Amino acid sequence: MKTLTLPGADGVRISVKESGDPGVPPVVLLHALGDTAGDWGTIAAGLEPGFRVFAIDLRGHGGSGRPGKYSFELMRDDVVAVLDALDLHDVILVGHSMGGVVAYLVALAQSGRLARLVVEDAPPPYPRTRTLPERPPGELPFDWAVVTAVAGQVNDPLRRWWPRLPEIMVPTLLIGGGAGSHIPQELLTEVAELIPDCALVTLETGHNVHAAAPDQFLNAIMSWLEKRAL
């Protein structure tokens, strides 16, 4: 594995962990709020035999820059900038939670560039009340300002991204965390009905599916990819 440093949309540095054979299809992994590219370690290792894996530290996280400006749209633009810098096409894009929201936005902006979309336990922003947690003491692996920025975006009374979901023409797999997740699973059902080519698999693991049940998570992705061969 090697770590790349690439320019984001507005010059912020974006750290990317690359592994796998350059001659196989690319998978790009987007982590949740407060996590880093390293959170995908087990999943990346499981994908490496058949895929070239790129795990991105989204802005404000891990080895990426902390510019103080954060939004789903800026993160989307950073991911697109990384795809441009690496000249990646026919990408399998995988996103968890916050990274899943970013993945939806990338799919809307760059659908022709993606081969498949996988979203783990995340609908687009929807109306909800989210209590802002207190900052933990000590040094963090991410900029706490991301938390306040994202908290302001996840509560979206207008559900403004939802009407655009039918524009996602990329074959999509949603993986829900079931009853143990704080995400209302009926929203994932609604997303699956709005995206034209979308399958929904539920694993009763809670919100962090890939961490709680990595083998099941990988099996769900690989089984779906085999059915929807590139």
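Buried means under 20% relative accessible area, exposed over 50%, and partly exposed in between, with a 1.4 Å probe and protein chains only. This is a predicted model, in which local features need pLDDT of at least 70 and side-chain atom pairs count only at pLDDT 80 or more, while totals for chains, interfaces and linings use all residues. Residues are numbered from 1 along each chain as its sequence is written, and side-chain values use heavy atoms, with hydrogens and water left out.

Asp 121 is buried, with a relative accessible area of 1%. It sits in the loop between β6 (114–120) and α4; helices (H or I, at least four residues) and strands (E, at least two) are DSSP runs, numbered from the N terminus. The phi of Asp 121 is positive, near 50 degrees. Most residues other than glycine have a negative phi. Asp 87, also not a glycine, has a positive phi of about 55 degrees. Asp 87 belongs to the loop between α2 (72–86) and β5 (91–96) and is exposed, at 55% relative accessible area.

Contact means heavy atoms within 4.5 Å. Setting aside residues up to four places away in sequence, Leu 30 touches several residues, including Trp 40, Ile 56, Leu 93 and Val 102.

Ser 15, in strand β2 (residues 13–19), is buried at 6% relative accessible area. Beyond its neighbours within four places in sequence, Ser 15 is in contact with residues including Ala 55, Ile 56 and Asp 57.

Which residues of helix α5 (residues 185–194) are buried? They are Gln 185, Leu 187, Leu 188, Val 191 and Ala 192. Seen down the axis of α5, these fall within an arc of 150 degrees (taken from the directions from the helix axis to the C-beta atoms), so they line one face of the helix. They pack against α3, β7 (172–176) and β8 (198–202). On the other side of α5, Glu 186 and Glu 193 are exposed.
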